[in-house]
Amino acid sequence: MKKRKVMALALSCVMVCSLAACGGKDSGADQTTADPAPAPAEKTEAPAEKTEAPAEKTEASTEAAAPADTAQAADITLWTYPVGKWGDSAVVDGLIANFNAVYPDIHVTVEYLDYTNGDDQINTAIEGKQAPDLVLEGPERLVANWGAKGLMVDLADLWTDEAKSLIYDSVQSACKGSDGVFYEYPLCMTAHTMAINRDIFEAADALQYLDEETGTWTTENFQKAVQAVYDYGQTNVGAVYCSGQGGDQGTRALVNNLYGGTFTNAEHTEYTANSEENVKALELLKSMDGINFDASIAGGDEVNMFCNGTFAMAFCWNATQEKNNQDQGNINFEVLPMAFPSEDGRPQLCGGIWGFGIFDNGDAAKIQAAKTFIDFMANDEKQAVESVKASNFWPVKDLGDIYAGDELMTEYAKFVEYMGDYYQVVGGWAEARTAWWNMLQQIGSGADVKTAVEEFVTTANAAATAAQ
Amino acid sequence: MAKNSGSSMSKALVRRETIAGYAFMLPSLLFFLGFVIYPMVQCVFTSFFDATMNREDIFIGFANYVELFQDKVFLGALKNTVIIVVVSVPVTCIFSLWVSSVIYDLAGPACSAFRCIFYLPVVTGSVAVAVVWKWMFNNYYGIFNYIGTSTGLIEKNINWLGDEKFALGCIILILLTTSVGQPIVLYVSALNNVDQSLVEAAEVDGATKFQCFWKIKWAQIMPTTLYILVITTINSFQCFALIQLLTSGGPNHSTDTIMYYIYYNAFKLYRYGYGNAMGVVLAIIIALLSAVQFKMTESK
């Protein structure tokens, strides 16, 4: 009996020891992963890059590099939404290798989010006190949502006078919360456009209604073009998609541009979509042959259906959509990007701005390391170009013609000048977005346009007031 | 003396066995307490607060519950959820019982093949299921519209998921395909366990097939039926993934369910207290219905 007890005790000890050994091994493995320069190859590259870096630094990057002197060893996490190739691990690994070549003691672990579940993942992490250190997204999340809730770090020290003088004013105001604090440091921007199937438009003799060179058209010509394409036999010309919030900037821009309506006031404190212009625009869209209010598809579906030829035009479009779909061989016709139609042919396009924000996790070393990372990615003269190019969008300051020789990007560059007000920072944005596509669904089912729009504005403004 | 010694020995043995029993239960108990009981208590507790992200919770008593029953979207979601349960539970039970009674006495491989076919949607991920159904229901090139228009059943394409007249029905149809797998497997197993001697005796006494089924088999598979009723009811009440992936509650809130509305309030609007209040109401409804189902099947 005693012998069995001794044996049992011995076996228990062995099991405990083996567990402890496993634990030790795991933590060791973690440490290995956490090593900022695990690959010898990277280390050998680093000095070479390091010698290059100081030589290339301009005045701007000297200031940008200031935190480098104080950069301490730290492990930081970057969660990135799929902003162009910033959602591609192969590309991001390369960008981080560049960073580690200059800052070998800061280790960056990346997690890739998507727009379907990304918000939920971050919100869950916030509630579990596991928020990432860095996140790459736009002001509607970084500033209007997490910033307004006091979760983000003030990035005032990155927003130096020089940075303010370089970064476009419209971008600056979007990165600042209503409390005047900068919660985002921007990297890239784009103007969302629409696109048409040029082959079908040509066959329908509808190209006469648009200006191919400037990519613009008037509201009157838009109506004529849609009618021509419809009469040609393409009964599904386009869709006001509204099954969810995906790609809703397209439907907002379409409605706002047709008769010059606005979505919010200039101060971004109130929703103004119930203007006569917007009501008129929605009534026009509802009455047009070939334009379907479709509550079964969202922006992503619309893009797919445009690429496969179901629709002759897409309202959810930009340079990256074309690049990605061309690369994947999804398009077998000529795409013509267009600005949204407006009465005077001077559109106000909905912009997209993406940049970095830092979650305040209470660790000064990590916050400093995160700032160093942002500074390197967005301000280092050589790296900033690479970082922006990885997004397939345009820089938020003058970096020269970074897409020289790239025909597609040059074609889309003409739309950046039409970028309108970045209003997505109004309070209650999440609820307003939902109310928007619910309103489109109501109109699609035959509800009175004015009543539906008034209901939308009431809901959205109540959310904006509650957010204050 | 010997008696006393024997009694103390047995007491010690009982104590040791009790301790061992609890020790074996401990891991599950800890799991149950940590992942079921604690969240339940927390859910009820939070439902009395105005709770949101990164702000101190504010005690508001029953205000969330009062708001719930004045919230038209919640009441609509409740109605949709009840419709899903009322349609889906009986149809799932009847259909799976019918399929099981047809296939349970087939030769081994044939029965297994049918079980696999019906169980496949259960083990397929919700996203994959949703993608396939979304394609089939597509307004422009979906297979249902293709078959419908080419056979003359429908005049023009129907926007199945985009029309409030059809959307909820489509969701229920998809839910049925993912719900019948488990009941079929359970019923096949239960029917195979029915005492054949009773069936044979009844047949000898002249009972018809229907009488054999109703008087003998049905009675013997009643515990399985009860289990199936309860789990199907709970699953139907918790219908969420299909809604999120296919309709986001639309069009015009016609496919909103309580689970989806909880998600929307808690994760999109950060109204944790309000979401929890809905969770409590949903839990009470499910508990009441399950109790009724237990009572009804017990009385039989």
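Predicted model: local features only at pLDDT ≥ 70, side-chain atom pairs only at ≥ 80, totals over all residues.

**Confidence**

What pLDDT does chain A average? I found an average of 85 for chain A, with 85% of the residues at a score of at least 70; pLDDT is the predictor's confidence in each residue, from 0 to 100. I also marked residues 11-69 of chain A, where pLDDT stays under 50 and the model has 46 contacts beyond four places in sequence. Two residues are in contact if their C-beta atoms, placed from the backbone, lie within 7 Å.

Residues are numbered from 1 along each chain as its sequence is written, while chains are lettered from A and ligands numbered from 1 in the order in which they are written.

**Domains of chain A**

I looked up the domain assignment of chain A, which gives domain 1 (44-191 + 352-411) and domain 2 (193-348 + 427-467); such bounds come from an automatic or database domain assignment. The centres of these two domains of chain A, taken over C-alpha atoms, are 31 Å apart. Their contact takes twelve residues from domain 1 of chain A and eleven residues from domain 2 of chain A.

On the domain 1 side, I noted that α7 (139-147), β4 (185-191) and α18 (407-413) of chain A each give two or more residues. Helices (H or I, at least four residues) and strands (E, at least two) are DSSP runs, numbered from the N terminus. The largest share of that side, three residues, comes from α18(A).

**The sheet**

Next I traced an open sheet of six strands in chain A, with mixed pairing and the order β2-β1-β3-β10-β4-β11. Strands pair if DSSP finds at least two bridges between them. At the edges are β2 (106-112) and β11 (394-395) of chain A, each pairing on one side only. Strand β1 (residues 74-80) of chain A pairs with β2(A) in the parallel sense over seven bridges, and A:Ile76 has A:Val108 in β2(A) as its bridge partner.

**The core**

Which residues have the most contacts inside the largest nonpolar core? I wrote down A:Val229, A:Ala314 and A:Phe373, in a core of 140 residues. A nonpolar core is a set of buried Ala, Val, Leu, Ile, Met, Phe, Trp, Tyr and Cys residues joined through C-beta atoms within 7 Å. Helix α19 (residues 429-444) of chain A gives this core its largest share, nine residues. Domain 1 and domain 2 of chain A each supply at least three residues to this core.

I then picked A:Phe201, in helix α10 (residues 198-203) of chain A. Why is A:Phe201 classed as buried? It is buried because 26 other C-beta atoms lie within 10 Å; the cut-off is 20 or more, with 12 or fewer for exposed and partly exposed in between, C-beta atoms being placed from the backbone. Leaving aside neighbours within four places in sequence, the contacts of A:Phe201 include A:Leu207, A:Val229 and A:Ala312. A:Met313 is 112 residues away from A:Phe201 in sequence, yet 9.4 Å away in space, C-alpha to C-alpha.

**Chain B**

Last, I checked where the chains meet: 17 residues of chain B are in contact with 20 residues of chain A.
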